[in-house]
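Hi,

Here is the structure I promised to pass on to you. Have a look at it first, and then read on for what turned up.

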Amino acid sequence: MPSIHLEPEGDVAVLRMEHGKANALDITLCRELSTRFEEVAEAGGYRAVVLTGTGGVFSAGVDLKRIVDGGARYVAEFLPALSDAFLSVFDFPRPVVAAVNGHAIAGGGVLAAACDHRVLNAGHGRVGWTELLVGVPFPLVAMEILRCAYGSARLPRLTFAAGTPAGQGALALGLVDELAEADAVLPRALEVARTLGAASPAAFAHTKNQIHRPYNERIGEQRAADDAKVEQLWSAPESLASIGDYVRSVLGSQ
């Protein structure tokens, strides 16, 4: 059973995540994200992509229960798949619009940030990055995507505080580009995707590459060393204990 459904809307490919209750990012979902974006790129005929979730959640971020259950061995396999999934969105050469139908937290917020435009459900949906609250650092790829979307000066506020503003609060902070009522999120995202997709594909791809180049250069230069450190920190006994405490106290009833 696929975790991501391709729903063609003319020349726009809608990729809808439907993975468990909260589209939590595990190895399966991460690898399927990478595969789906590759398939859309190879298919031809699509001028843009809309990435969305199902129900009241866009993505609640990393599946922390899998981290706790799998321990260091799972972390070693998961973190590269997570970063590759983020890059599959960030590096996609055509326009990618996030139809943020509900909560986009931690890794889910990074997925939204990796898109070129974000439309948030005005009445239901929080956006924020809670990694430090859980007790783990951001992978370099995630940090560079946030830096590209929101600027270096804003990263401490967005990452240290671990806030998750909703609606107008998220819009006021520039975390999303616009708000729409629940039933209008996807139609509005499709409208934006078609507008962006009307540009010359080659010109759009080159312009996007120009914007992303400094961040991708840092990723290329620093990822190997930084990923090793991040894996070490995520796998440390105290980090796994902190994640376990968070799962029990915050996610225990979910």
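Let me start with a question: is aspartate 177 buried, partly exposed or exposed? Aspartate 177 is partly exposed, with a relative accessible area of 37%. Please keep in mind that this is a predicted model.

Aspartate 177 forms a salt bridge with arginine 118, and their closest N and O atoms are 3.9 Å apart. The two come from distant parts of the chain, 59 residues apart: arginine 118 belongs to strand E7 (residues 117-121), while aspartate 177 sits in the loop between helix H7 (167-172) and strand E9 (178-180). Arginine 118 is buried, at a relative accessible area of 6%.

In total, 14 salt bridges were found in the structure. Another one joins arginine 188 and glutamate 178, with 2.6 Å between the closest N and O atoms. Arginine 188 is in helix H8 (residues 185-197) and glutamate 178 in strand E9, so this pair ties together parts that lie 10 residues apart in sequence. Here arginine 188 is partly exposed, at 28% relative accessible area, whereas glutamate 178 is buried, at 16%.

Arginine 31 and glutamate 77 also meet through their side chains in a salt bridge (3.0 Å, N to O). That pair connects helix H1 with helix H2 across 46 residues. Both partners are partly exposed: arginine 31 has a relative accessible area of 45%, and glutamate 77 has 41%. Beyond these pairs, Glu32, Arg36 and Glu39 are linked in a salt-bridge network.

Now to the nonpolar side. The largest nonpolar core holds 65 residues, and Phe58, Phe78, Phe86, Trp129 and Trp234 have the most contacts inside it. Helix H2 (residues 64-90) contributes the most, with 13 residues. Leaving out residues up to four places away in sequence, phenylalanine 78 touches several others, including Leu25, Ile27, Val62 and Trp234. Apart from this core there is another, of 13 residues, with Ala48, Val97, Ala99 and Val185 among them.

Strands E1 (residues 4-9) and E2 (residues 12-17) run antiparallel and are joined by six bridges. Histidine 5, for instance, has arginine 16 in E2 as its bridge partner.

Finally, leucine 29 in helix H1 (residues 27-43) is buried, with a relative accessible area of 0%. Its contacts beyond four places in sequence are Ser3, Ile4, His19, Asn23 and Ala24.

Notes:
Residues numbered from 1 in each chain as written. Predicted model: local features only at pLDDT ≥ 70, side-chain atom pairs only at ≥ 80, totals over all residues. Heavy atoms only, no water. Core = buried A, V, L, I, M, F, W, Y, C linked by side-chain atoms within 4.5 Å. Buried < 20%, exposed > 50% of the residue type's maximum accessible area, 1.4 Å probe, protein only. Helix = DSSP H or I, 4+ residues; strand = E, 2+ residues; numbered from the N terminus. Contact = heavy atoms within 4.5 Å. Pairing = 2+ DSSP bridges. Salt bridge = Lys/Arg side-chain N within 4 Å of Asp/Glu carboxyl O.
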